[in-house]
Amino acid sequence: MQLTLLKCKLHRVCVTQAELDYEGSCAIDENLMRLAGIREYEQLHIYNLANGERFTTYAIRAEAGSQVISVNGAAAHKASPGDRLIICCYAAMTEQEAALFEPSLVYCDEHNSVIRTGHQIPAQAA
């Protein structure tokens with residue numbers, strides 16, 4: 001059996017640009033991509049905390065150190081500069097692989113600077 005698990009996420013990154021006329025994708029600072037383990041052209045699931053929009057696109061590289069998060073093409077209708085996003089990638093794996101797997105979690109501030117990283121999400125308190 002194959003399970004689909006969270007592979008990695010960028011938590012609360014801030015949209016710096018929304019480019020309607022750019023070829024569809026989401027440009028992400030190359031340093032953030034590397035830290036999270038996001039590959040260029042990998043499918044992304046994006047959750048907009050500002051308006052509740054949820055959409056799928058793919059990753060492209062933005063200049064390393066630029067702190068750019070640019071939502072492009074049709075997806076630019078779903079996010080505006082200043083919106084905070086959760087960007088996730090998922091992976092299919094066997095039960096044996098899943099038992100040993102830990103996701104890469106990258107938490108960012110409003111300037112897309114990394115404030116912490118981790119591999120586990122704490123249990124939600126009642």
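How exposed is Arg12, in terms of relative accessible area? Arg12 comes out as partly exposed, with a relative accessible area of 35%, where partly exposed sits between buried (under 20% relative accessible area) and exposed (over 50%), using a 1.4 Å probe and protein chains only.

A quick word before the views. This is a predicted model, in which local features need pLDDT of at least 70 and side-chain atom pairs count only at pLDDT 80 or more, while totals for chains, interfaces and linings use all residues. Residues are numbered from 1 along each chain as its sequence is written, and side-chain values use heavy atoms, with hydrogens and water left out.

**View 1. The whole sheet, strand by strand.** Here you're looking at nine strands that form an open sheet, with mixed pairing, in the order β2-β6-β3-β5-β4-β7-β1-β8-β9. The edges belong to β2 and β9 (114–118), each of which pairs on one side only. From one strand to the next, the twist averages 30°, taking axes as lines fitted to C-alpha atoms and angles from 0 to 180 degrees between N-to-C directions. Strands here are DSSP runs (E, at least two residues), helices are runs of H or I of at least four residues, and both are numbered from the N terminus. Two strands pair if DSSP finds at least two bridges between them. As a bit of background, strands of a sheet pair through backbone hydrogen bonds, either parallel or antiparallel.

**View 2. Strand β5 and its two partners.** On one side, β5 (residues 54–62) runs parallel to β3 (residues 25–29), and four bridges join the two. Look for Ala27 opposite Ile60 in β5, and for Asp29 opposite Ala62 in β5. With β4 (residues 43–48), β5 runs antiparallel, and five bridges hold that pairing. Ile46 stands opposite Phe55 in β5. Five residues lie between the strands in the hairpin of β4 and β5, where Gly52 takes a positive phi near 80°.

**View 3. Asn48, tucked into its surroundings.** Asn48 belongs to strand β4, and it counts as buried because its relative accessibility is 4%. What does the side chain of Asn48 make a polar contact with? The partner is the side chain of Asp83, at 2.9 Å; a polar contact is a pair of N or O atoms within 3.5 Å, and within protein one must be able to donate a hydrogen and the other to accept it, with residues adjacent in sequence counting only if both atoms are side-chain atoms. A polar atom of the Asn48 side chain also lies 2.7 Å from the backbone nitrogen of Ala50. Not counting residues up to four places away in sequence, Asn48 touches Glu53, Lys78, Ala79, Asp83, Arg84 and Leu85, where contact means heavy atoms within 4.5 Å.

View 4. Most residues other than glycine have a negative phi. Arg12, in strand β1 (residues 2–14), has a positive phi near 65°. Tyr41 has a positive phi too, near 75°, and is found in the loop between α1 (30–36) and β4. With 58% relative accessibility, Tyr41 counts as exposed.

**View 5. Tyr22 meets Gly73.** Tyr22 is in the loop between β2 (17–19) and β3 and counts as partly exposed, at 47% relative accessibility. Which residues is Tyr22 in contact with, leaving aside its neighbours within four places in sequence? They are Ile60, Asn72 and Gly73. Tyr22 and Gly73 are 51 residues apart along the chain, yet 5.3 Å separates their C-alpha atoms.
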